[in-house]
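Subject: Structure for your review

Dear colleague,

Please find below the structure that I am handing over to you. My findings follow it.

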Amino acid sequence: MVLVVLLLMAFTGPTPPRKTTIYLIGDSTIAQKTRQTFPETGWGMPLGTFFDTTVVVANHAQNGRSTRTFLAENRWQPIAAALQPGDYVLVQFGHNDESEAHPDRYTSPADYRRNLLKFVQETRARKAYPVIITPVTRRKFKDGRQQETHVAYSAATAELARAERVPLIDLDKLSRELLQQFGEENSRLLFLQLAPGDHPNYPYGRQDNTHFSELGARKMAQLVVSEIKAQQLLGLADHLAQPTAKNAVPPTPAGKDAQPTTP
């Protein structure tokens, strides 16, 4: 019998390590975009490229959703049921919760906090890890200074994180600092800002200070990853992507017409 077991082990080999899944729940600033809305990009789209192959990103964020409508549409329950020990749930809402002009999605700060708590408690019940994120900023400058655009909802998010001892990524603050570094004019590059004729999806152009360009989405994802690394989140911070040997070589001086070689 022992010989049979050894033979089976020899043929089957070691069991591959279980992958950690990062579930993203939130709104259009994170969500996967369609071909028809390109170059609009949610920051959840490039996030997976920052991790090695043991980490999988499952982006369940949806355009136009608040915490209330995400729950009411039964979008959270299947995610909670699928969670495995060691998985992560990254939660970023707020943009639509605060839209008082849209009663179909508006959620009061108190109800918003209550819904965040539900996500946290049900994630922990499955022995997975919640991380809550303040709503990423909208682009809004006044006298050359980027303004705070989610005051009440960012405060409610941070308060819940303290009360429940949940890891917090203050993306509101970090993204405002990033926009300030870019400046009022150059920060347009981070958002879906298009002149007429720039892209066939937007023949009349687009002046959007909420949704991101490809560059903006990558920059926001970088901010999230930098906090994952700084806070040493178990199972994620130690599984960041490593460069290939070729990409890890420092650049050498080259002529003005030098071209990179293929991988």
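Helices (H or I, at least four residues) and strands (E, at least two) are DSSP runs, numbered from the N terminus. This is a predicted model, in which local features need pLDDT of at least 70 and side-chain atom pairs count only at pLDDT 80 or more, whereas totals for chains, interfaces and linings use all residues. Residues are numbered from 1 along each chain as its sequence is written, and side-chain values use heavy atoms, with hydrogens and water left out.

Helix 7 has 17 residues, and the 24 Å from its first C-alpha to its last is close to the 24 Å expected at 1.5 Å a residue (1.5 Å times one less than the number of residues). Just after helix 7, Gln232 has a positive phi of about 50°.

Helix 6 and helix 7 pack with their axes 10 Å apart and at an angle of about 130°; axes are lines fitted to C-alpha atoms, for helices over the stretch in contact, and angles run from 0 to 180 degrees between N-to-C directions. The contact is made by Leu171, Leu174, Ser175, Leu178, Leu179 and Phe182 of helix 6, and by Lys219, Met220, Leu223, Val224 and Glu227 of helix 7.

The largest nonpolar core has 33 residues, and Trp43 and Phe51 have the most contacts inside it. A nonpolar core is a set of buried Ala, Val, Leu, Ile, Met, Phe, Trp, Tyr and Cys residues joined through side-chain atoms within 4.5 Å. At least two residues of this core come from each of strand 1 (20-26), strand 3 (88-92), strand 4 (129-133), helix 6 (171-186) and helix 7 (214-230). Helix 7 gives the most to this core, namely seven residues. Not counting residues up to four places away in sequence, Phe51 touches Ile22, Val225, Ile228, Leu236, His239, Leu240 and Ala241. Another core, of 24 residues, lies apart from the largest one and includes Tyr23, Leu116, Ala128 and Ala161.

Turning to helix 5, its buried residues are Tyr153, Ser154, Ala156, Thr157, Ala158, Leu160 and Ala161. These pack against helix 4 (109-125), strand 4, strand 7 (168-169) and helix 6. Helix 5 is followed by Arg165, whose phi is positive, near 55°.

Yours sincerely

Note on methods
Buried means under 20% relative accessible area, exposed over 50%, partly exposed in between (1.4 Å probe, protein chains only). Contact means heavy atoms within 4.5 Å.
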